[in-house]
Amino acid sequence: MSKRKKPSEDNSNHDFCDFLIELADYEKNVNRNIHKHNVYRKAANVLANHPTRITSGKEAQKLDGIGKKIAKKIDEFLQTGKLQKLENIHNDEKASVINLLTQVSGIGPAKARNLVEMDIRSIDDLRKHTDKLTHHQVVGLRYFEDFQKRIPRVEIEEIEKIMKCEVEKLDEDYEITICGSYRRGQPESGDIDALITHPHYTSEMCNKQNKDRLKTIVNTLEKCGLITDVLSLGDTKFMGACRLNEGATTRRLDIRLTPCDQYYCCVLYFTGSDIFNKTMRAHANEKGFTLNEHSLRPLGSTGVPGEPVPISSEKDIFDCIEYEYREPQNRN
Ligand code: 8DG
Ligand code: CA
Ligand code: CA
């Protein structure tokens, strides 16, 4: 997931959300405590979707996903305008540096800690020690400033046009959907998530025939100058960088090639948001199904998934698990 989320000015509890997200990042990057990370993320999400301003911890605690400890933090924040725990984190140099280094694409919490132990204290320090980095991390570091910048919607529209035009030249039957926050209608995105399918590419087909599909697509996009760097490239997944033209900001681009029979499950998954996905998957489980980016399958009485349900639209997935349909812009 991209490391920097849009500040949520348009919700009445955005200041609480901001400190909860900061605490969530701290738990993930510094303490490597995914459980606490998820607890803070969930609380932030609940508050972001709450229509009115919360005026006390007690009031917050009535909401699903907010416990005593978070309620106490809300009270402290309301009374003092800050959070001592966050102040301490800001004053802890090691924690701050670990947090900073994990903002480099390809550097995870373990690698960041490792680098700090090798006495690396800043992005500039890191630039002097690229020998300690993988290819992905070197490219992530090269574009560190660019990758931090959010991408305006109009720019993604332009990139989408070029991609579609170039890929259509290869084969006009290719279908491309830009998913992620862009498909959810956000005015800005952290990166670009493109999904590609082709009617002749199905999950039953022998993979040999399709082995070079994605490589050919990436090659074409490199030749036309859109893709500038490859971070990783497999048969179905590309991670890299692109830019509109020379002099434009370099952007993170993910491309996934997916069999046409799995397309809608994949579109649903990569549209997100991740919290919406979690909720929908939990609902699918309650209805006796298992849902992932490939398929929707019924769970037998023993809990073993059966054959995938045939799906020909995103709405099919909602209908099948009796979940009220939500347009992408309502999945934030
Ligand atoms: P952004 O790039 O504007 O920051 O937001 P995004 O488009 O919603 O997030 P993303 O990190 O690019 O991920 C795209 C979608 O992938 C996301 O909306 C939902 C799905 N997804 C999950 N879980 C995860 C996960 O753990 N990692 C990643 N990379 N994607 C995930 O549901
Ligand atoms: Ca994205
Ligand atoms: Ca992405």
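Modeller: Happy to! Domain bounds here come from an automatic or database domain assignment. That assignment gives domain 1 (1-91), domain 2 (94-148), domain 3 (152-260) and domain 4 (265-330). This is a predicted model, in which local features need pLDDT of at least 70 and side-chain atom pairs count only at pLDDT 80 or more, while totals for chains, interfaces and linings use all residues. Residues are numbered from 1 along each chain as its sequence is written, chains are lettered from A and ligands numbered from 1 in the order in which they are written, and side-chain values use heavy atoms, with hydrogens and water left out.

Now to the metals. Donors are N, O and S atoms within 2.8 Å of the metal (3.2 Å for Na, K and Ca), and because water is not among the atoms, sites may look incomplete. The calcium ion (ligand 3) is coordinated by Asp191 (OD), Asp193 (OD) and Asp254 (OD), at 2.2 to 2.8 Å. Along the sequence, these donor residues follow the spacing D-x1-D-x60-D. Distant parts of the chain are linked by the pair Asp193, in strand S4 (residues 192-197), and Asp254, in strand S7 (residues 251-257), which are 61 residues apart. Strands are DSSP runs (E, at least two residues), numbered from the N terminus.

The calcium ion (ligand 2) is coordinated by Asp191 (OD) and Asp193 (OD), at 2.1 to 2.2 Å. Asp191 bridges this ion and the calcium ion (ligand 3), 3.8 Å apart.

As for burial (buried means under 20% relative accessible area, exposed over 50%, partly exposed in between, with a 1.4 Å probe and protein chains only), Asp191 is buried at 14%. Asp193 is buried, with a relative accessible area of 14%, and Asp254 is buried too.

Conventions. Helix = DSSP H or I, 4+ residues; strand = E, 2+ residues; numbered from the N terminus.
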